[in-house]
Protein chains: 2
Amino acid sequence: MSKPYVLGVDIGGTNTVFGIVDARGQVIASDSIKTRKHANFDDYIAELHEGVTRLLKANDAEDKIYGIGIGAPNGNYYTGEIQNPPNLPWGPIIPLAEKVSKAFGGIPVSVTNDANAAALGEMTYGAARGMKDFIMITLGTGVGSGIVVNGQLVYGHDGFAGELGHLIVKRNNGRVCGCGRTGCLEAYCSATGVARTAREFLEVRTEPSTLRNLQIEDITSKDVYDAAVAGDKLAKEIFEYTGTILGQTFADMVAFSSPQAIILFGGLAKSGDLLMRPLKEAFDKSILPIFRGKTKILLSELKESDAAVLGASALGWEAKYRYEVPSFDHPTSSSVAEDAK
Amino acid sequence: MSKPYVLGVDIGGTNTVFGIVDARGQVIASDSIKTRKHANFDDYIAELHEGVTRLLKANDAEDKIYGIGIGAPNGNYYTGEIQNPPNLPWGPIIPLAEKVSKAFGGIPVSVTNDANAAALGEMTYGAARGMKDFIMITLGTGVGSGIVVNGQLVYGHDGFAGELGHLIVKRNNGRVCGCGRTGCLEAYCSATGVARTAREFLEVRTEPSTLRNLQIEDITSKDVYDAAVAGDKLAKEIFEYTGTILGQTFADMVAFSSPQAIILFGGLAKSGDLLMRPLKEAFDKSILPIFRGKTKILLSELKESDAAVLGASALGWEAKYRYEVPSFDHPTSSSVAEDAK
């Protein structure tokens, strides 16, 4: 194959990571730049182009890139734009695919959000290989999701489907969420949600806990995890609480798309039985009888450091937005005939 | 076209309605048989075949049926079976598509559940024409749903996706649902749910209401509707309560598949502003900001008497299960050659 690689680009709030990926999902090489260094988007694109070009040269991969896939917060698959990103210095509408394809001389580009990219990566290279119906849930600072139905990502009519972190899990007196509403899954079951649960439990309850030795406002989900692993009863209950809400909400997700699996990704997903036991118990207990025992709860099989780039790169194989490089030499009839041979 | 019609069959708990439908969605003729008359499934199929044959003859439509689409409770699109139907005398596994295709000499047959059939009907002939992403909600004795994503029905990995009537709307102290769990949407927002709300309100509260003139255990959603239309304050509040739960839950559905529209069908959907005003208010208030103002709430455009048959018939155009009629005369080489001409 003359173009055996794709380029995966993951635009995060802090870093933009990019990597050259082959058809078997090997990350040949990767590098990164700071996302927020340039207030001007064109300057950012120029630095990205420079960084990628350097990486391609060093790996003898110039002219070997089939397509570019980009995962970005609020990335819209349909328009190739980033729309109203909460954590990026540009906006409100950033014509990402167009600018990148133009910078790279017309290589096709596709864009989606980070959780959708994770789902694609899992389907192409990870735990969802061979599955046509599954849901990817990313448990990080927030709760993201990518939904696959009939082998296709669910984008919805506007490109923004799959916001399962914002399902309402508490209708009354729910916690305030970053989205401006109250009671969202994300406010309970993200890493920050776990820290909030810890603060709530420590304030309301009186049992001893090693977590009380920490500054309450500085407690992280990692602190809760460490305390639970060391046997702290209150810390374990925090995971019990978190897992139970996740399991109950997963049962609602199954009523929607009846997936073969729900696949967990992100720091919190690596909490082992502390999270998974109460999660699976609540899931089995909450699920509609006709779905019982059919949907697996799995962990991502992608290496965390590679996953974002891999996921984005999977989109590169079917990249669709291609900037038409203006041609100043109009083709002569002989060159057209040449092409047609 | 030599086969310009499809046959739509709607198997309900009481009646089985069937109709001849043309490509423009006109029901040429229809008839029905009693569903529960025969304890033996083969006898039921024989009577269905007889009734359909009579209808086809009367309309000069023999040999003009392209395919047969069947909507049935717990109908599974993948297997062509009815699996564990709650209200039918046969089971647990009924090979519906096979038996029907066999009875009709090998005409291709497809099967799905009734709410999915309604969604297909709406997409082919009704309010969802031209839409690729929408959700159909049927508000009848229960709450059913059919979800369309990327122009395709969402069947899930097992064929049973789209049970949105069983999303949990009340986590604590929810009403017991027919599915055996508690707090399902269906227990609140179906016709029976509205009647239950009426009984609850009448017991717990003290205001006067014309509903108090009725036997409390006999109150139906129709009684509540009539009272509300006549100005009864408590009856109006019952619709307020029902609409609010629907609107809040619809916001969760949008977070899943970001549909262009949610389309309502069924008796309760015809309650006008009594239901729609609180529903839309709660929906607008509950929806995630990025989806605000994008998803329409619409009413079905299909005539209720035709809708079930029309919906089922839409499946007939792409019917996939074909019973291979056994051939006892092995083809001679000359007859094969004849066929190949």
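Author: In this predicted model, A:V194, A:T197, A:A198 and A:F201 of α5(A) meet A:L234, A:E237, A:I238, A:Y241 and A:T242 of α7(A). Two residues are in contact if their C-beta atoms, placed from the backbone, lie within 7 Å. Helices are DSSP runs of H or I with at least four residues, numbered from the N terminus.

By class, the contact of α5(A) with α7(A) has six nonpolar, two polar and one charged residues. Ala, Val, Leu, Ile, Met, Phe, Trp, Tyr, Cys and Pro count as nonpolar, Asp, Glu, Lys and Arg as charged, and the others, Gly among them, as polar.

As for how the helices lie, α5 covers residues 191-204 of chain A and α7 covers residues 233-257 of chain A. Their axes come within 10 Å and cross at roughly 125°. An axis here is a line fitted to C-alpha atoms over the stretch in contact, and angles run from 0 to 180 degrees between N-to-C directions. That angle makes α5(A) oblique to α7(A), since under 35 degrees counts as roughly parallel, over 145 as roughly antiparallel, 65 to 115 as roughly perpendicular and the rest as oblique.

The crossing of α5(A) and α7(A) is right-handed: the near helix is turned clockwise from the far one by less than a right angle.

Residues are numbered from 1 along each chain as its sequence is written, while chains are lettered from A and ligands numbered from 1 in the order in which they are written. In this predicted model local features need pLDDT of at least 70, side-chain atom pairs count only at pLDDT 80 or more, and totals for chains, interfaces and linings use all residues.

Terms used:
Helices (H or I, at least four residues) and strands (E, at least two) are DSSP runs, numbered from the N terminus.
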